[in-house]
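Please read it beside the sequence and the coordinates.

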Amino acid sequence: MRKEDCDRGTLADKAGHRDDDAPPWAGKHHARYIEADVPYHVISRIFQGRCLLVPSEELNQLIIGILGRAMEVFPSILLFAITVLSNHLHAMLQGPPDQVAAFLGFVKREISRRYGPQIGWSGTMWDEYVATALPTAESQINCLSYLLSQGVKEGLVASPLDWPGVHAAKALLSDEPMRGQWLNATAFGRALRRQRRRRSPKPVDRKRFLTSMDVRLAKIPAWSMLSDQEYRHKVAQLIDGIVRHARAERGGRRPLGAFAIRHQRRNLRRDLPKPPWWEDRRRMICWANPKAEQTREYVARYWRFQRAFREAAIELRNGRVDPVFPPGAFKPTSYCPHARSTEALGP
């Protein structure tokens with residue numbers, strides 16, 4: 001898809017919610033909507049845009065190990081690409097709505113729990129994620145190219161292969177999977193507690209509780225019919241185009257380089273560049289050509305879901321105990337207003 005098509009008419013507001021029957025709340029506070037057979041582009045930012053995930057070999061092993069464990073726990077997830085930068089991550093994935101949310105929650109939670117204490121960070125590192133649908137073959141190819149360009153388009157490295165952190169380019173061009181380490185923290189913690197109770201001088205060997213994890217990226221649906229060799233050739237063509245375009249944009253200037261990236265300050269705050277589908281501070285439903293049939297069909301289903309969700313939410317707010325939410329919806333939290341009984345009030 002051309003950049004002009006991204007800039008004109010790809011917003012949800014321009015792709016379908018201006019219909020006459022659209023409710024007045026249509027452009028606000030959308031309920032999260034995920035379809036199991038549609039790929040999504042996911043972005044999640046580190047809190048305040050801080051560079052907490054400065055790349056290192058130890059962190060790479062940790063993140064890939066967490067990804068591998070997450071794919072074991074949530075086998076319905078197809079991960080097509082992932083790139084982890086210093087202050088945010090991009091992923092392209094597909095799966096049932098509950099599994100997508102749980103998978104992303106698992107990955108972000110475990111990174112915060114396992115890496116946060118090492119850098120003096122308490123609590124979660126992350127903001128909420130944004131998921132944008134890719135219902136057409138063209139949109140999937142464009143999204144894959146966008147993920148591969150991370151680190152290059154910003155002038156940080158000359159090629160995606162030079163990025164010192166976790167990057168999809170390295171895995172997609174290789175026969176080998178991404179390989180990391182998963183620590184069985186529960187068993188390791190029990191062993192440490194037993195050692196302290198027994199006052200044993202022999203230290204607990206942490207390596208005994210590490211498991212090697214492999215992460216294999218799936219083929220995007222648009223190219224699922226290609227052989228492994230043909231798929232790698234397509235990816236290599238995308239990377240070549242990205243490198244040539246970035247070189248021309250730099251105009252002879254050298255990229256920042258991996259050494260400087262590894263040594264940047266973690267508390268440095270950076271504003272994220274707006275994705276290609278961002279305009280007028282509105283979030284897009286689809287990153288796809290609004291005139292494509294698949295896009296129109298997806299947007300129609302999206303707004304049917306939003307209407308059904310809002311009707312059920314209104315019923316829940318009005319006191320109905322069992323309103324019917326649409327399939328795949330995350331039911332809002334309900335509560336009972338506190339009312340003191342006459343016995344509690346006393347005479």
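Helices (H or I, at least four residues) and strands (E, at least two) are DSSP runs, numbered from the N terminus. The model is predicted, so local features need pLDDT of at least 70 and side-chain atom pairs count only at pLDDT 80 or more, while totals for chains, interfaces and linings use all residues. Residues are numbered from 1 along each chain as its sequence is written, and side-chain values use heavy atoms, with hydrogens and water left out.

**Salt bridges**

- A salt bridge is defined as a side-chain nitrogen of Lys or Arg within 4 Å of a carboxyl oxygen of Asp or Glu. The count under this rule is 12 salt bridges.
- Arg 113 and Glu 110 form a salt bridge at 3.2 Å, N to O. Both belong to helix H4 (residues 97–115), where a spacing of 3 residues separates Arg 113 and Glu 110 by about one helical turn.
- Accessibility is classed as buried (under 20% relative accessible area), exposed (over 50%) or partly exposed (in between), with a 1.4 Å probe and protein chains only. Arg 113 counts as exposed because its relative accessibility is 55%, whereas Glu 110 counts as buried because its value is 5%.
- The side chains of Arg 232 and Asp 175 form a salt bridge at 2.6 Å, N to O. This pair links distant parts of the chain, 57 residues apart: Arg 232 lies in helix H8 (residues 228–250), and Asp 175 lies in the loop between helix H6 (168–172) and strand S5 (178–183). Arg 232 is partly exposed at 24% relative accessibility, and Asp 175 is exposed at 51%.
- Arg 179 and Asp 214 also form a salt bridge, at 2.6 Å, N to O. Here, too, distant parts of the chain are linked: Arg 179 in strand S5 and Asp 214 in strand S6 (residues 210–215) are 35 residues apart. Arg 179 is partly exposed, with a relative accessible area of 42%, and Asp 214 is partly exposed at 39% relative accessibility.

**Strand pairing**

- Two strands pair if DSSP finds at least two bridges between them. Strands S2 and S3 (residues 88–94) run antiparallel and are joined by 6 bridges.
- A hairpin of 3 residues connects S2 to S3. The bridge partner of Leu 79 is Leu 93 in S3.
- Strand S2 (residues 78–84) has 6 of its 7 residues buried, so the rest of the structure largely encloses S2.

- On a 1 Å grid over the protein atoms alone, a cavity is a set of points where a 1.4 Å probe fits but cannot get out, and lining residues have an atom within 4 Å of a point. Grid points are joined across faces, edges and corners, and a volume is the space filled by probe spheres set on the points.
- The search of the whole structure finds 1 cavity of 30 Å³ or more. The largest cavity holds about 40 Å³ of space.
- Residues lining the largest cavity include Leu 53, Pro 55, Asn 60 and Val 84. Helix H3 (residues 57–73) gives the largest share of this lining, 3 residues.

**Backbone geometry**

- Most residues other than glycine have a negative phi. Gln 48 is not a glycine, yet has a positive phi of about 60 degrees.
- Gln 48 is located in the loop between strand S1 (40–46) and H3. At 28% relative accessibility, Gln 48 counts as partly exposed.

Definitions and conventions:
On a 1 Å grid over the protein atoms alone, a cavity is a set of points where a 1.4 Å probe fits but cannot get out, and a pocket is an open set with protein on both sides within 12 Å along at least five of seven lines; lining residues have an atom within 4 Å of a point.
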